[in-house]
Amino acid sequence: MNKREFFEGVRQGTPVCISAAPFGALFGAVAVANGQTIAEALLMSMTIFAGASQLVGIELFGQKIAAWVIVLSIFAVNFRHILYSAAMAPFVRHFSAGEKFVAFFLLTDPQFAETVRRGEARGKVSFSWYLGFGLVIYVPWQAMTVLGAVFGKLIGDPKLIGIDVLLPIYFMALVLGFRKRANFLPVVAISGAVSVIAYHTVGSPWHVSIGAIAGMLLAAMLPGKRNPKLHEAGQEV
Amino acid sequence: MDAFFHADMVAVILAGAVATFLTRIGGYILVMRMKSIPPRLEAALNAVPAAVLTTLVAPAFFTGGPDVQVAMAAALIASLRLSSLPMLAVGWCAVMVMRYVLTA
């Protein structure tokens with residue numbers, strides 16, 4: 001374990017921790033409102049650790065929907081992780097089996113984005129860095145779940161204090177971090193358009209997988225490396 | 001008094017946890033099974049970050065009210081010069097101004 005790498009991960013993960021914290025509290029509050037006990041809400045945060053799917057799951061619990069539909073919905077919301085773990089494979093393949101188990105358990109959207117960015121700059125990422133980044137999100141997520149469950153009524157509507165915009169803005173920052181990549185603009189345009197159309201026609205959560213696959217298909221069809229300089233010119237400012 | 005856990009609830013949670021873990025490790029296992037990655041698949045995987053993350057952003061923008069849209073646009077402009085934490089602050093300030101100052 002490399003302390004410097006670990007704490008660099010902790011430092012880089014802190015903005016994620018801050019922007020995700022309200023959603024941990026929101027989940028705890030909604031979970032208790034939908035009939036889960038505090039212990040069950042915490043168990044869900046500790047074992048699933050994927051905010052959007054937890055909120056979808058809890059919404060369905062409240063509607064007394066068949067168990068297999070709830071599990072399938074959680075799977076659908078989290079399906080994007082399959083693409084993540086495939087795309088980050090080159091940067092984590094040197095981890096030991098136990099490290100991989102921990103690393104994939106902690107895999108989230110920001111963890112993936114930062115791992116790819118760091119991996120591309122350095123060839124691979126260290127387990128120490130990965131663990132620091134992951135734990136500074138994981139541990140507060142549990143604490144916020146319990147806080148939200150205990151004080152659920154006090155939070156009320158997250159819109160009142162403006163915390164509902166933090167997550168989409170954070171994801172936008174992550175998208176922009178990849179603006180130097182080949183085909184960035186066409187991929188973003190097609191994924192964005194298709195996901196919005198799918199959101200209104202097929203519905204959530206399928207719009208995520210459908211929009212993502214559209215962008216990936218486009219990337220697969222476009223010719224490879226053109227003039228990268230020319231390609232990046234329009235994107236800076 | 002309420003019990004801490006109900007057996008049926010715990011069963012669904014754990015099944016959801018297993019399903020989630022399978023998505024987190026599944027792509028890695030599939031890619032490692034292949035001897036080499038075809039160039040088109042590599043291009044597709046290379047597009048994953050922008051493609052997937054965009055699907056989390058775009059519907060939030062188009063289904064959000066004017067307050068959310070102004071906040072996200074302000075954050076986008078801020079991102080040209082600022083890193084992610086100040087970008088969050090700009091977006092948060094914008095949405096609060098839209099909701100409490102520019103109402104009525």
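# A two-chain helical model

Over residues 160–177 of chain A the chain is 61% helix and 0% strand, with end C-alpha atoms 30 Å apart; helices (H or I, at least four residues) and strands (E, at least two) are DSSP runs, numbered from the N terminus. The model is predicted, so local features need pLDDT of at least 70 and side-chain atom pairs count only at pLDDT 80 or more, while totals for chains, interfaces and linings use all residues. Residues are numbered from 1 along each chain as its sequence is written, and chains are lettered from A and ligands numbered from 1 in the order in which they are written.

The span 160–177 is one of the stretches of chain A that UniProt, in an unreviewed entry, records as "transmembrane region"; the record also lists 65–83, 127–154, 184–200 and 206–222. UniProt positions are given in the numbering used here, feature names are shortened, and annotations may be inferred rather than shown by experiment. Residues 206–222 of chain A are 94% helix and 0% strand, and their end C-alpha atoms lie 25 Å apart.

Chain A as a whole has 14 helices and zero strands. Its C-alpha trace spans about 55 × 50 × 35 Å along the principal axes. Of the 237 residues of chain A, 51% count as buried. A residue is buried if 20 or more other C-beta atoms lie within 10 Å of its own, exposed if 12 or fewer, and partly exposed in between, with C-beta atoms placed from the backbone. Among contacts in chain A between residues at least 6 apart in sequence, 75% join residues at least 24 apart; two residues are in contact if their C-beta atoms, placed from the backbone, lie within 7 Å.

The domain assignment divides chain A into domain 1 (3–178) and domain 2 (180–237); such bounds come from an automatic or database domain assignment. The C-alpha centres of these two domains of chain A are 24 Å apart. Where they meet, nine residues of domain 1 of chain A are in contact with eight residues of domain 2 of chain A. On the domain 1 side, α4 (67–77) and α5 (80–87) of chain A are the elements that give two or more residues, and α4(A) provides the largest share, three residues. By class, that side has seven nonpolar, one polar and one charged residues. Here Ala, Val, Leu, Ile, Met, Phe, Trp, Tyr, Cys and Pro count as nonpolar, Asp, Glu, Lys and Arg as charged, and the others, Gly among them, as polar. Helix α5(A) is mostly covered, with eight of its eight residues buried; among them are Arg80(A), His81(A) and Tyr84(A).

Most residues other than glycine have a negative phi. Phe49(A), in the loop between α2 (38–47) and α3 (51–62) of chain A, has a positive phi of about 50° although it is not a glycine. Phe49(A) counts as buried because it has 24 C-beta neighbours inside 10 Å. Asn183(A) lies in the loop between α11 and α12 (184–201) of chain A, and its phi is near 60°, again positive in a residue other than glycine. Asn183(A) is buried, with 23 other C-beta atoms within 10 Å.

The contact between the chains takes 69 residues from chain A and 60 residues from chain B. Helix α11 (residues 166–176) of chain A gives the most to the chain A side, with 10 residues. That side has 47 nonpolar, 18 polar and four charged residues.

The largest nonpolar core has 108 residues, of which Ile169(A), Val175(A) and Ala71(B) touch the most other members. A nonpolar core is a set of buried Ala, Val, Leu, Ile, Met, Phe, Trp, Tyr and Cys residues joined through C-beta atoms within 7 Å. Leaving aside neighbours within four places in sequence, Val175(A) is in contact with Val188(A), Ala50(B), Leu53(B), Thr54(B) and Val57(B).

Chain B is assigned domain 1 (1–33) and domain 2 (48–104), with C-alpha centres 32 Å apart. For chain B, the unreviewed UniProt entry places "transmembrane region" at residues 12–31, 43–62 and 82–102. Residues 12–31 of chain B are 100% helix and 0% strand, with end C-alpha atoms 29 Å apart. Residues 82–102 of chain B are 86% helix and 0% strand, and their end C-alpha atoms lie 25 Å apart.
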